[in-house]
Amino acid sequence: MTVLTADWLLSDTLAPQVEGDPLAPLYAGSDRGELVLPFCAACALPLDLDQQVCDGCGAAEITWRAVEPTGTVHSMTVMHRREPGLVVAAEPYPILDVELASGHRLIMTTRTHPSSLPRIGDPVAVAFRNLGGVAIPSADLDPAAPPTTEASS
Ligand SMILES: [Zn+2]
């Protein structure tokens with residue numbers, strides 16, 4: 001029996017409906033611990049998650065495959081708005097636009113509540129949050145990075 005721990009950020013009621021979802025290959029990969037993203041089946045250009053037609057060659061066939069789960073923070077914003085009953089985090093939380101080694105860009109938050117805010121250019125290892133039993137890509141900030149030290153006055 002799998003013991004599920006509640007997500008740090010969102011209510012389990014926001015778990016995506018996986019079956020029939022166009023992103024089902026992403027969720028299935030995430031469930032195996034793999035980051036699976038869409039590519040153009042004709043020219044192998046990385047595609048956005050909701051992209052139906054390739055910008056490069058105009059093909060409308062998509063293939064999903066596992067990619068290297070690493071990248072860097074391209075941009076970051078801090079969300080202060082909370083939705084009672086849906087957002088369970090008590091503090092503002094970061095939303096990252098991660099530029100992946102595969103060429104994809106993926107919007108995600110962190111796997112756990114970060115002790116400090118990520119910065120543009122920070123390395124990211126993509127890991128997975130568990131939201132109501134569905135694995136969701138999320139950012140692990142580089143564990144190899146030197147710990148930030150709070151300067152005491
Ligand atoms: Zn193409």
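I take two strands as paired if DSSP finds at least two bridges between them. Helices (H or I, at least four residues) and strands (E, at least two) are DSSP runs, numbered from the N terminus.

**Set-up.** I am working on a predicted model, where local features need pLDDT of at least 70, side-chain atom pairs count only at pLDDT 80 or more, and totals for chains, interfaces and linings use all residues. Residues are numbered from 1 along each chain as its sequence is written, and side-chain values use heavy atoms, with hydrogens and water left out.

**Overall make-up.** I looked up the elements: the protein has 1 helix and 7 strands. Their order from the N terminus is α-β-β-β-β-β-β-β. I then checked burial (buried is under 20% relative accessible area, exposed over 50%, partly exposed in between; 1.4 Å probe, protein chains only). Of 153 residues, 32% are buried. The accessible surface is about 9100 Å², with 53% belonging to carbon and sulfur atoms. That area comes from the Shrake-Rupley method with a 1.4 Å probe. Next came contacts, meaning heavy atoms within 4.5 Å. Among those between residues at least 6 apart in sequence, 55% join residues at least 24 apart.

**Strands β6 and β7.** I followed β6 (residues 123–131) to its partners. It pairs with β3 (residues 70–79) in the antiparallel sense over 3 bridges. Thr72 stands opposite Pro123 there. β6 also pairs antiparallel with β7 (residues 134–141), over 8 bridges. In that pairing Ala125 faces Asp140. The β6–β7 hairpin has 2 residues between the strands, and Gly132 takes a positive phi near 60°.

**Strand β4.** Which strands does β4 pair with? I found 8 bridges joining β3 to β4, running antiparallel. I also found an antiparallel pairing of β4 with β5, over 4 bridges. Asp97 of β4 stands opposite Ser75, and Asp97 also stands opposite Ile107 in β5. The β4–β5 hairpin has 4 residues between the strands, and Gly103 in the turn has a positive phi of about 100°. β4 is mostly covered, with 6 of its 8 residues buried.

**Met76.** I located Met76 in strand β3. It is partly exposed, at 26% relative accessible area. Beyond its neighbours within four places in sequence, I noted contacts with Pro94, Ile95, Leu96, Leu117 and Pro118. Its C-alpha atom is 10.0 Å from that of Gly121, 45 residues away along the chain.

**Cores.** A nonpolar core is a set of buried Ala, Val, Leu, Ile, Met, Phe, Trp, Tyr and Cys residues joined through side-chain atoms within 4.5 Å. The largest has 17 residues, and Leu35, Leu37 and Leu100 have the most contacts inside it. Elements giving two or more residues to this core are α1 (24–31), β1 (35–40), β4 (93–100), β5 (105–108), β6 and β7. Apart from it lies another core of 5 residues, among them Leu9, Val87, Ala89 and Tyr93. I listed the contacts of Leu37 beyond four places in sequence; they include Leu26, Leu49, Trp64, Val67, Leu100 and Leu106.

**Ring and loop.** I looked for a charge over a ring (NZ of Lys or CZ of Arg within 6 Å of the ring centre and within 35 degrees of the ring normal). Arg65 lies over the face of Phe39, at 3.7 Å from the ring centre. Last, I checked Ala44, in the loop between β1 and β2 (62–67). Ala44 is not a glycine, yet has a positive phi of about 70°. At 40% relative accessibility, Ala44 counts as partly exposed.
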